[in-house]
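Trainee: I would like to learn how to read a protein model step by step. Could we go through one together?

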Amino acid sequence: MRPNRIPETSQYNVMVLFAIMAITCLVVDAFVGIVPLRQTTRLVHEPLFMIQKDVTIPLLDLSDSDLANEVITPLPSFHLPSELSTLHLYGMELRRPVHKMLIEHIVQEQVQGQERMYGFIVDKPNKDSLVGAIGCTAETLLEAHPENTNENNSDVGNDDSPLVVLSRGSYRFVVKEITKTFPYPVAIVNELVDDEPEDTANADIYDDENILYQDLDTATHLVRRIMVGLKTLIDQKLQERKPELTPLEISILQESGAPVPPVNADEQQAEEMAAVFDIFQSSLMDIAPVPVDRYYAVAMLAAEMANVDNEVRRELLTMTNGVERMRIVLQEIEKAISMNQARKVADSITDELDEDDKDLKVGEPQLPPWIKGIRDGTRLEYFWSEEDGWCGGVVDGEPIKVLDEVIVTVRFDDGETHKLPITPDEKVRWRPPKRE
């Protein structure tokens, strides 16, 4: 399951974060006069002015924390104009005293040369040292203690009070030197930049999973495919019109302690994505006239729009091959498009059912009952893509159950064999064969 941008630890905290994120785009201009969000203009054709070197920042390392898989890994936006960085906002809830202390210190003291900036560690080559670690700097925009809103409460800073933080991704870095270890690490870092791209990519480096992308041997082709894919993905989101919750559904969510999503939040996010994409597409050559910067800008923004999971984010941040990064992002975009298409087909089938036969289900998605009956030789169908549609096949071997997933090897009717997971989130892509 993909990590949430905002951990659902309590309904009140989640609603506070939603409110913070909703108003941030409206007040960010006001912050410019109070807290400098960008101190330099990054001129991509003048590399000496764009590369950050010997910067001192505190480091936030959540790799050994229970938040490692809950907090979304930030992606950089320092290379973008401010109006295009609104998608790179991340909320997190911190409870460990040392983590809260770090954020509170940079807000109160503002580390010299980097206003409200900290380094989010994503990869440590050496577990015993942070030297050589790679991460993404993040700029703290807002921080609050939502469980202590009473002005007379004197325990605002106590260890039991969570700290809700809203940050924006800035630039990648590699740790050069550790200057302090207590109470939290402080490091001297250099910005991590991509290698100069080659004219063509080496197709031999791809495994079987990426074999479909080996024919994309030019970076220009990759950029074009990514931009077309983003347009399709955004159009899909704009076309989605989720029905509003009924009073009964709202009541059930409230009684269960689950957060009630804000009205039209998905539509607002889709409209924001569309606006950012239009500006980015029309001004790409001005933002990044140099190829190496263009490939970087396209891949990072596309990954954010596709809402890739933390594992993919870490991979994108640690690699310096811009062409390979675009291949990975394109694959994620086309997966998301295919998933949306499958969900649309499933929704259209569900809409045909009689309303009296529908069950109100609240909570985590579950696998349908028929999945439990899958055995070696069971026939089923899988929605491969909008072009290929539903593909029939036979299960080859006994399925393997891992936590809430069922992994099956399917021998499809066209002769191909694939090992595929059946997960609660992607159950719409599976169905038993239609009866003749």
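Mentor: Let us begin with the overall make-up: the secondary structure of this protein comes to nine helices and 12 strands, and please keep in mind that the model is a predicted one.

Trainee: How many residues does the protein have, and what percentage of them count as buried?

Mentor: The protein has 436 residues, of which 44% count as buried. As for contacts between residues at least 6 apart in sequence, 70% of them join residues at least 24 apart.

Trainee: How should I describe two helices that pack together, and what are the values for H4 and H7?

Mentor: Two packed helices are described by the angle between their axes and by the distance between those axes. Here H4, residues 219–239, packs against H7, residues 291–305, at an angle of about 25 degrees, and their axes lie 11 Å apart. Because angles under 35 degrees count as roughly parallel, H4 is roughly parallel to H7. The crossing in which H4 passes H7 is left-handed.

Trainee: Which residues make the contact between H4 and H7?

Mentor: From H4 the residues include Val223, Ile226, Leu230 and Lys237, while H7 contributes Tyr295, Val298, Ala302 and Met305. Sorted by class, this contact has 11 nonpolar residues, no polar ones and one charged residue.

Trainee: Which residues of the largest nonpolar core touch the most other members?

Mentor: That core has 66 residues, and those touching the most other members are Ile103, Tyr118, Ile226, Phe280, Met305, Met326 and Ile333. Helix H7 gives the most to this core, with 10 residues. Leaving aside residues up to four places away in sequence, Ile103 touches Leu94, Tyr118, Thr140, Glu143, Leu163 and Val165.

Key: Residues numbered from 1 in each chain as written. Predicted model: local features only at pLDDT ≥ 70, side-chain atom pairs only at ≥ 80, totals over all residues. Heavy atoms only, no water. Axes fitted to C-alpha atoms, helices over the stretch in contact; angles between N-to-C directions. Helix = DSSP H or I, 4+ residues; strand = E, 2+ residues; numbered from the N terminus. Parallel < 35°, antiparallel > 145°, perpendicular 65-115°, else oblique. Left-handed = near helix turned anticlockwise from the far one by under 90°. Contact = heavy atoms within 4.5 Å. Nonpolar A, V, L, I, M, F, W, Y, C, P; charged D, E, K, R; others polar. Core = buried A, V, L, I, M, F, W, Y, C linked by side-chain atoms within 4.5 Å. Buried < 20%, exposed > 50% of the residue type's maximum accessible area, 1.4 Å probe, protein only.
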